[in-house]
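Please open the model in your viewer and keep the selection tool at hand. The stops below each give something to select and then describe what is there.

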Amino acid sequence: MEVDLLTLDAPGQRVLMMGNVAIARGAIEAGVQVATSYPGTPSSEIIGSLCQVARQAGVYVEWSTNEMVAFEIAFAASLAGVRSMMACKHLGVNWIADPFLVSAYTGVNGGLVIVVADDPHPYSSQNAEDTRYYAKLAKIPCLEPSDIQEAKDVMIVAFELSETLQLPVMVRITPRIAHTRGVVVLGPVSRLRRKARFEKDSTRYVMIASNTRNRHPWLNKQYAKAAELAESSQLNRLELVPGATVGVIGCGLSYGYVQEALHLLGAKNRVSTLKLVTVNPLPTHLICELLSSVNTVLIVEEIEPIIETDVRSLTQGLGLNAEIMGRLTNDLPREFELTPDVVTMVLAKILKTPLNNATPNEVINEINDLVIRRTPFLCAGCPHRASYYAIKQALKKVNRGGIVTGDRGCYNQGIHPPLKAIDTCICMGASIAMACGFSQAGIEEPVVAVIGDSTFFHAGIPALINAVYNHAKVAVIILDNGWTAMTGHQPNPTTGITAMGELTKILKPEDLVKACGIDHVKVVDPYDIKATIDVIAEAINHPEPSVVVCRHLCTIQELRAMKLKRIKTTPYTVNIDKCNGCKLCLSQLGCPASVFENGKVKIDTYTCVGCGVCAQVCPVGAIKGVS
Amino acid sequence: MDLIISGVGGQGVVLASTMIGRAAVDEGLNVKIAEMHGLAQRGGSVMSHVRIGRNLFSPLIPSGQAHAIISFEPLEAARYVSFIQPSSGIIIFNTKGILPMPARLGMESYPSVESLITILRKYSPRIYPIDADQIAIKAGNIHTSNIVMLGALTASIRLPFSIKSFRTAIMKDVPKGTEEVNMRAFNLGIEAAINLN
């Protein structure tokens, strides 16, 4: 198992590791003692792997209720002198922004490292923001590893840098580090174990304005020191080629694309390169050395032209004449993740080297005409499918139209046909407050908010309190499947276990809902279609804010539990004589276990998990369980 | 050597890529595997870039550079075929199609395997359509179809590591007690590809 490698004390051994796991290993080699996170693709496996060896490695690891909580826990641990880390996806940084920006003023004691996974394309996020802006905003160092080995190694540097500067340090990665497996040479596992001790100092830790005014100059001084340290960092590498007129700066992983392109073009000895890992603050002298030796500099960085803009102003400030090219100048595409192809193309253009492109475009076009889309969908038997069907039927029953505000989780797959069940999906927790907004703005149709269990605990509660306080006329449906499923099945407050595998109290959303002041709360199993439709219709018709908890364990978890108990699923089949080919089951539910063949619906008994929802939807009773 | 492994989320694309990677690392080779995780997995289109050997700079394979594509589903072979070398790249795929949701709903039509073969042949004639599901059933377990495909891979291209290391890496990752059926599947896969040579 890959996680066993996390604690393997065999310095020098070569192992195959996923980038996220390599980061966890780096933290162990650095002596991390507290690690926290809220799951989010592409960052989840960092803490997801670390928690599996937490006890053995002597690290306290937790899945927190949200990123802000996770950050504050790691921050306090750092103030108590122990090395701590917090990991999240780029959107998680929006949540930690408040304490994170202040932590740069207080400074830290034990090294504090924030690992952030950006999603440039994006593959599984609602935006493609560039987290490096936050490092600039907070005035803290940001390191961006260029490969998997460095993803591990950079963690040790980050912890040391954090303690040298007394500042939090950010490590920024993208999916091509997070989810790339590569060869890693292990270093020694750290024996560092500090005793937590908090030395009170109100001038530092009580951030009232008068104290902050003293800390602001300190932060600026530390930030300047960080820039000095970046100049001598061993992580950066400048390779000046004598006589070269073209230079390239490759930031983090993008440096690999630059090397790939130069290799393909056979142009290594014609181009000077700077591999940049200290992406904030910049080593300006090092960059100037490159700028003053060439006529053209291409800057290859992921997402926004941040360094390009800085280098441009640096050039102007120093009166250098080098032409700066990159994403800002549209020489590299302004959007989407970089690839070796786009970097090769622009370098070929700059170097006036012909591209050996023998791709038969006509054939590719012909192939693409045949290839149809394959969008992801809810699993066979997913309770969310049943809940969405019931919400749509309930709105039909109430017969006044309806708007459904969605939230972040597996259940945003409800957007795809045939369900097409949600009208908005913005960010964690937005469903409830946006439903209130529609209602308060005067929308007369029923407004229904749909939110998952983990998202409800993460960000739904303040909005629900607001709904009660301000008399918003909304129905909130909490889809409780007991797990944070989308990001790879992390436990949460509804699951009953912690990240480290300890049993803990199960928090039921309905109890919190009542405490928030909601009087109309119902719990229902969405596999019971009729009851669910009735309960939701009743909630929609209720004159005050109402909540329905649709509770059924995530199908994947249910199947795992059944397998452990050696219980077999009982799939459903279609009685072909009875099936009238109306396709209602398919067109309303879109279960991946059913398919339309020769005018009838057929259920693949291998895929069917036996939830029985389609049997309840069939108007002629043609679907039955196999006994 | 550069390989593209593709398929549908849940088919085991990541696991198959890792098996290849481990075999290479065990022989001291350098490896980079770019995978897809997360939401993209749930029934969506999935692919990995597997790179073995020297001069591995980028985890992503440049277009038109891969030596082979191994796809666990016909449509997913066509989707990513432009990553392989035109005319000489090897195309191995499981002929058992999995209908995407729009096709299940009758909104789009799934191309026939014959039409896919005809058109892919124009890109590169070195095609290995493998009925991996049937072969896996013959081996004794339909779940071994990916191992059939890995067997077919070893017989259609000269991998940079020994079959012995490959077998060992595969055996390490299959569920306990299924070693024998998986080995049968692997060998039947080799046989199937040899028959197409």
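This is a predicted model: local features need pLDDT of at least 70, side-chain atom pairs count only at pLDDT 80 or more; totals for chains, interfaces and linings use all residues.

Begin by selecting A:Ser44, which, once residues up to four places away in sequence are set aside, touches A:Pro39, A:Thr487, A:Gly488 and A:Gln490. A:Ser44 has its place in the loop between β2 (34–37) and α2 (45–50) of chain A. Is A:Ser44 buried or exposed? Because it has 27 C-beta neighbours inside 10 Å, A:Ser44 counts as buried.

Next, colour chain A by domain: the division is into domain 1 (2–192 + 203–231), domain 2 (237–351), domain 3 (383–564) and domain 4 (572–625). Between the C-alpha centres of domain 1 and domain 4 of chain A there is a separation of 49 Å.

Now select helix α5 (residues 90–106) and helix α10 (residues 209–231) of chain A, whose axes come within 8 Å and cross at roughly 80°. On the α5(A) side the contact is made by A:Ala104, A:Tyr105 and A:Thr106, and on the α10(A) side by A:Thr212, A:Arg215, A:His216 and A:Leu219. Sorted by class, the residues of this contact are three nonpolar, three polar and one charged.

Then turn to the largest nonpolar core, which has 181 residues, and in which A:Leu50, A:Val300, B:Ile92, B:Ile130 and B:Val148 touch the most other members. Helix α7 (residues 148–165) of chain A gives the most to this core, contributing nine residues, and domain 1 and domain 2 of chain A each provide at least three. To look at one of these members in detail, select B:Ile92, which, leaving aside neighbours within four places in sequence, is in contact with B:Ala68, B:Ile70, B:Tyr128, B:Ile130, B:Met149, B:Ala152, B:Leu153 and B:Ser156. Another core, of 80 residues, lies apart from the largest one and includes A:Ala390, A:Ala537, A:Cys550 and A:Val609.

Finally, show both chains together: 52 residues of chain B are in contact with 50 residues of chain A. On the side of chain B that touches chain A, at least two residues each come from α1 (13–26), β2 (31–34), α2 (74–80), α3 (101–104) and α4 (113–123) of chain B. Of the elements on that side, α4(B) gives the most, with five residues. Colouring this side of chain B by class gives 28 nonpolar, 16 polar and eight charged residues.

Note on methods. Residues are numbered from 1 along each chain as its sequence is written. Chains are lettered from A and ligands numbered from 1 in the order in which they are written. Axes are lines fitted to C-alpha atoms, for helices over the stretch in contact, and angles run from 0 to 180 degrees between N-to-C directions. Helices (H or I, at least four residues) and strands (E, at least two) are DSSP runs, numbered from the N terminus. Two residues are in contact if their C-beta atoms, placed from the backbone, lie within 7 Å. Ala, Val, Leu, Ile, Met, Phe, Trp, Tyr, Cys and Pro count as nonpolar, Asp, Glu, Lys and Arg as charged, and the others, Gly among them, as polar. A nonpolar core is a set of buried Ala, Val, Leu, Ile, Met, Phe, Trp, Tyr and Cys residues joined through C-beta atoms within 7 Å. A residue is buried if 20 or more other C-beta atoms lie within 10 Å of its own, exposed if 12 or fewer, and partly exposed in between; C-beta atoms are placed from the backbone. Domain bounds come from an automatic or database domain assignment.
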